[in-house]
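Here are a few exercises to work through with the model open. Try each one yourself before reading its solution.

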Amino acid sequence: MPRTLITSAIPYINGIKHLGNLVGSQLPADLYARYCRARGDEVLFLCSTDEHGTPAELAAAKAGKPVDEFCAEMHEVQAEIGKGFGLSFDHFGRSSSPQNHRLTQHFAGALADNGLIGEVSEKQVYSNADGRFLPDRYIEGTCPNCGYDKARGDQCENCTKQLDPTDLIEPRSAISGSTDLEVRETKHLYLKQRSLRDDLSKWIDSKADWPVLTTSIAKKWLNDGDGLQDRGITRDLHWGVPVKKGTEDWPGMEGKVFYVWFDAPIEYIACAEEWQDAGKGENWERWWRTDKGAEDVRYVQFMGKDNVPFHTLSFPATLLGSGEPWKLVDYIKSFNYLNYEGGQFSTSQGRGVFQDQALEILPADYWRWWLLSHAPETNDTEFTWETFQQDVNKDLADVLGNFVSRVTKFCRSKWGEEVPAGGELSDNGKALIDELQAKLTEYTAQMDAIEVRRAAATLRSMWVAGNEFLQSAAPWTSFKQDPEAAAADIRLALNLIPVYAVLSAPFIPFSAARMLADMGAEGAAWPTDLSAALIALPPGHAFTVPDVLFAKIPDEDRESWAARFSGTRT
RNA sequence: GGGCCUGUAGCUCAAUUGGUUAGAGCAGAGCGCUCAUAACGCUUUGGUUGCGGGUUCAAGUCCUGCCGGGCCUACCA
């Protein structure tokens with residue numbers, strides 16, 4: 001049995017995410033996980049919240065809560081939202097878990113033992129009023145180049161000039177506004193990525209099947225300028241994984257924590273341990289250690305394009321540099337961005353639809369279907385309420401939902417709520433099975449290749465084929481002269497419903513479950529031979545005519561939502 | 001500034017990597033059907049492939065210049 005390890009980029013803890021975050025990693029990862037399970041793979045699908053770093057501390061302060069409490073609450077909120085969207089994580093962990101603390105410290109120790117950690121003394125801006133060191137972009141001041149008075153310490157947003165915090169005129173803390181800043185000497189650990197450059201380069205070159213979006217970003221970092229640079233992996237913060245060398249203290253690093261981008265990917269591994277410790281499975285190392293059974297695991301990661309450097313370089317550098325047999329990623333599926341009504345989704349401006357709001361106004365499957373069938377695979381994609389309404393109404397309500405409705409209701413009116421007996425498979429029926437069998441092959445190949453939009457289009461065309469079949473078979477006409485022929489056609493059409501449900505479940509799991517329940521076909525498996533699958537419900541098999549599977553989105557709702565989400569979250 | 005990606009029908013996207021007449025879905029138009037959520041089916045309008053040069057027997061595809069959009073640029077994550 002193939003074994004597939006799937007991770008989705010872990011969402012940051014500081015607030016509720018918008019739909020762009022969902023479609024860029026978690027949702028396609030879930031699609032693939034559900035598909036792999038349905039095909040019989042052994043799957044471990046992991047995700048977590050990414051809880052460390054300055055923004056988490058600041059968000060907690062803003063909420064007036066201790067950071068650990070804030071993160072615990074937000075983790076629960078995000079976990080609930082994930083459930084609401086049907087994200088089928090085998091475990092939804094936390095990067096602040098004890099497992100990740102231990103593992104992160106372990107990796108740092110292993111890297112140090114291999115001579116891959118250096119200590120660098122550097123000057124950092126410290127804010128006395130805030131009582132903390134400030135990352136460059138949390139320092140504001142006047143740009144020495146253009147005079148813009150809200151330039152950030154890393155770059156001026158107005159003239160785009162790269163800056164050093166010390167370049168700013170009248171620098172102040174972006175957090176408190178305090179000008180009581182000073183430059184302090186502080187010591188940090190660096191991961192010597194330079195020493196691993198050749199190994200990483202060779203590894204990336206071996207990934208000929210990766211999307212250009214992924215490899216070109218990696219190669220840029222490997223080859224640009226002086227090549228891959230060493231990277232600081234510690235920070236002067238309180239909230240995070242304390243710096244330790246394995247289980248031992250690290251002299252000179254007291255009070256410091258690892259940089260969030262060092263510990264966050266390690267959480268992919270720690271999450272498997274959390275999964276085991278939560279009693280959901282055992283022997284987690286057989287997913288992650290090639291010396292303990294992970295040799296035959298295929299590992300696939302999902303992420304937005306902004307995350308690519310960390311997953312192609314920093315994290316592999318950590319794994320390779322440890323000298324231990326950790327499983328490296330086999331395939332990276334990266335996504336572009338989802339835009340909103342001609343601009344970007346904006347968390348700060350409250351522009352666009354946030355995940356909790358999306359679930360309030362419509363069932364998860366509406367969002368899943370639209371987002372996945374428009375996944376930004378080759379380009380940034382645009383969400384507009386008008387196309388969303390049109391597409392969802394057409395695809396789900398008219399094509400799929402109405403198919404189920406017309407078939408079950410016609411049957412009920414002529415034979416009652418059970419599969420009718422009599423007649424034989426018609427020529428129309430045979431043609432339909434052949435057509436669907438060909439499309440199923442296509443669909444499977446697209447899902448295997450994680451071609452999300454294409455797979456959605458193929459699936460939809462299978463739904464359409466059902467309507468075409470009804471039109472050509474016209475059982476409402478044949479019933480008058482030849483009720484047995486009509487019965488045979490309707491029997492086939494009824495059998496189509498569980499097949500559609502199973503094939504569609506990765507996209508629309510909630511509706512698929514309802515379809516199976518109403519047809520009394522809960523145990524239906526992924527079909528390979530459609531001739532067999534389409535006689536699974538025998539004559540006499542009872543079913544229930546489903547309630548409306550997908551209610552249409554009326555214009556009034558669309559209009560009010562478009563107004564409500566145009567800016568400023570309420 | 002630099003690197004990479006990108007621009008195809010009103011909209012969202014394709015085009016087997018240089019090969020016949022650039023295709024789908026939606027929207028629009030016409031016809032049909034009456035089982036169904038005013039649903040379904042069939043037919044159909046619509047393109048100087050951002051603009052200008054070039055290479056080639058052949059260019060949406062390769063080169064070049066310009067115009068527009070996006071991402072990254074290593075201390076946000």
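Helices (H or I, at least four residues) and strands (E, at least two) are DSSP runs here, numbered from the N terminus. This is a predicted model, where local features need pLDDT of at least 70, side-chain atom pairs count only at pLDDT 80 or more, and totals for chains, interfaces and linings use all residues. Residues are numbered from 1 along each chain as its sequence is written, chains are lettered from A and ligands numbered from 1 in the order in which they are written, and side-chain values use heavy atoms, with hydrogens and water left out.

**Exercise 1.** Work out what surrounds Asp395 and whether this residue is buried or exposed.

*Solution.* Start by placing the residue: Asp395 is in helix α12. Next, check its accessibility: at a relative accessible area of 9%, Asp395 is buried (under 20%; exposed is over 50%, partly exposed in between, with a 1.4 Å probe and protein chains only). Now list its contacts (heavy atoms within 4.5 Å). Leaving out residues up to four places away in sequence, Asp395 touches Trp369, Leu400, Arg460 and Trp463. Finally, look at Arg460 again: its side chain and that of Asp395 make a polar contact at 2.6 Å (a pair of N or O atoms within 3.5 Å; within protein, one must be able to donate a hydrogen and the other to accept it, and residues adjacent in sequence count only if both atoms are side-chain atoms).

**Exercise 2.** Describe the surface near RNA strand B and find which element gives the largest share.

*Solution.* First, count: 56 residues surround RNA strand B, each with a heavy atom within 4 Å of it. The closest are Gln124, Arg137, Thr378, Asn402 and Lys409. Then turn to the RNA side: of its atoms within 4 Å of the protein, 70% belong to sugar or phosphate. As for elements, α12 gives the largest share, 11 residues.

**Exercise 3.** Find the strand order in the open sheet of 3 strands, and say why β7 and β8 each have a side without a neighbour.

*Solution.* Trace the order: β7-β6-β8, with antiparallel pairing (two strands pair if DSSP finds at least two bridges between them). β7 (151–152) and β8 (169–173) are the edges, each with a single partner strand, so one side of each lacks a neighbour in the sheet. To finish, β6 (residues 139–142) joins β7 over 2 bridges, and Glu140 stands opposite Arg152 in β7.

Technical notes: Near = heavy atom within 4 Å.
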